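Hi there,

Here is the model I promised to pass along.

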Amino acid sequence: MRNITMRYANGVLANDHVNFSLEEGEIHAIAGENGAGKSTVMKILCGAQSPTSGEIRFCGEPVQISSPKAAAALGIGMVYQHFMLVNEFPVYQNIFLGAELCDKRGVLDKKRMIQKTRELSEKYDMAVDPEALCGALPVGVAQKVEILKALARGSRLLILDEPTAVLTPQETEQLFAQLRKMRGDKCSIVIITHKLKEITALCDRVTIMRQGKDMGTYRVSDVTEEDISRLMVGSDVSLTLDKPAARPGEVLVRVKDLTVPGAGGKNRVDHVSFQARQGEILCLAGVEGNGQQQVVECLTAISKRYSGEIQVMGRDIRQARTWDVRAMGVSHIPEDRMAMGTDQDASILENLIAVCAEKESRLGLVPYAALARRGERQMQAYAVKGSLRDSISSLSGGNMQKVVIARELEGDPAVVVADQPTRGVDVGAIAFIHRQLVRIRDQGSAVILVSADMAEVFNLADRILVFHEGEIAAEITDVKRATEEQLGRYMLGVERSEVSAIEP
C-alpha cells in the first residue's frame, strides 16, 4: 500500500499518505492509539472503504479493491472487533453464509458444509461444534467461527481487528498458537492492536501509526515496548500505574448469599457473599462466563432474577429500578459500549448527558446550554477527539469508551461498577482510564472492577475475588505478592483459598 490517503466528507483526514507492506507467511502488527487511522487503512485493504488516493499492489500487481467481495476474490479477509455473526444460525451456516455449498440439484448441502467446517477446525486446532447456535457461543469460540469463516473463503491474508480484546489470557495463548500454525501454512496475518506485550510475543514486524500517518515499520526484535509506545503516543508513557495504598473505609455494598439460577438446574452464581468498601478497588476476576456478568447485572438492577440480598448504602435494592440504583450514587461502565454504553443514533452530547438531563431539568426544561458547556469541559478533560454534535458512532472505540467513562464518573459517584473498562482501547487511553478510577477511589468511592485483563487486575486491584463456576474460589488481599500463575490456577479451579468472613 503506497501513499494511502483517506479524507472523509466531513473533512476528517483519517489516513495521510500511509505506506504499508506485508510479506508472505508473516504476522504483522499495525499499532497506534485509537483514532490513529489503523483500522481505516485496513478497511481499505479489505475493500470496506475506498481511499481518496493511493495505490495498492497485491503479489506485485496493481489492484482496485472496490468491495469486500473483490478482496475475498484476492484471498483477503477481515475479522472485525465486533463480530458479524447471525446469532440465530448454527456455526456451519455462518461459516458458509453467502458462499453456501450445494449439491447437483442446487439444494443446500448441509452434510458437506458440516464436514468442511470440521475439517477446517481440525486443521487449525479451532474446536467448534458445527451445529451449535452462534448466539449461545462464548466470545472466544465466536471469534474462532469468524476466523474459520474467512479461511473457508480461501483467505491467505487475514486481518484481525483487536483480536484479544474479548479473550482471557488462556484463550489468547491458544489463539496465538493457532495464528503461528497459520503462519507456518504461509498465511499472512495482520493484527490491529495496541497491546504491546502481544506485539513483542507474537509478531514479526510492526507498523506504527499516529494521527493518521505511519511512523515507520520495524522488526519487533529491534524495538522495545517503550519504543513502540513512544512512537504511538509521541511521548513517554508509563506502562505501570503508580498509585498510593488504599485506605478502605465503611462498607458501601453488601452482597449476601447471592444466587442466580441457570440452565439445567446449575446456578450461574452460587451463594456468593462479599462486601465493597469506600476507598477500595475490588476486582472480580475470572475466566468469562463464570458468574461475574450476572453479579454486575444484579448490582445495577438490570436483572431481578436472583435470590439473596444486595444492599447499597444500607438499602436493599430488590425492588429498585436501575434508575433508583443510580439515584443512590451507583454508576455503571458496561462491558459492551456499543450495545449498552451508548446510544449509537445519538450525538456525543446526548450520550454525555443521558443520565443527568432529567435531574438537571427545571419545570420540564433541560438547560441545554449549561449541559453543553459541561460536555465541552468533559471532552477536554478526557481528551475525546470530535465535536459535541457529532454522532457518537463516528468515534473510534477508545474515544467512545472515554465518553462513557466521563459520563459515569461525573459527579463523583459513591459506587462505580466498572465492567471491562479498558477493553479495546489503546495504551494511552488505558493509562488515562486507570488514573481516573484511582482518582475516584481516592475521593472515597467504592470501585467494583470486572476485568479479564491480567495486567489491569494487578495494576488496579486492592483486593481480588476470583470467580470459578459461579463461586468465589479465592480472595487475594496482598495483591503485590500475588502472581499471574497463582491467579490463573484459581481462575481455572485448580486451587481454592479461604475467603474472609462477611461483616453483619
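**Charged pairs and cysteines**

Arg230 forms a salt bridge with Asp227, their closest N and O atoms lying 3.2 Å apart (a salt bridge is a side-chain nitrogen of Lys or Arg within 4 Å of a carboxyl oxygen of Asp or Glu). This is a predicted model, so local features need pLDDT of at least 70 and side-chain atom pairs count only at pLDDT 80 or more, while totals for chains, interfaces and linings use all residues. Residues are numbered from 1 along each chain as its sequence is written, and side-chain values use heavy atoms, with hydrogens and water left out.

Arg230 and Asp227 sit three residues apart in helix 8 (residues 225–233), so about one helical turn separates them. Helices (H or I, at least four residues) and strands (E, at least two) are DSSP runs, numbered from the N terminus. Arg230 is partly exposed at 37% relative accessible area; buried means under 20%, exposed over 50%, and partly exposed in between (1.4 Å probe, protein chains only).

Asp442 pairs with Arg441 at 2.7 Å between the closest N and O atoms. Asp442 is partly exposed at 44%, whereas Arg441 is buried at 1%.

Glu471 forms a salt bridge with Arg496, at 3.1 Å. That pair links distant parts of the chain, 25 residues apart: Glu471 is in strand 20 (residues 471–476) and Arg496 in the segment after helix 18 (484–491). The count comes to 27 salt bridges.

As for disulfides (pairs of cysteine sulfur atoms within 2.5 Å), the structure holds zero. Cys102 is in none, with the nearest cysteine sulfur, that of Cys134, 19 Å away.

Best wishes
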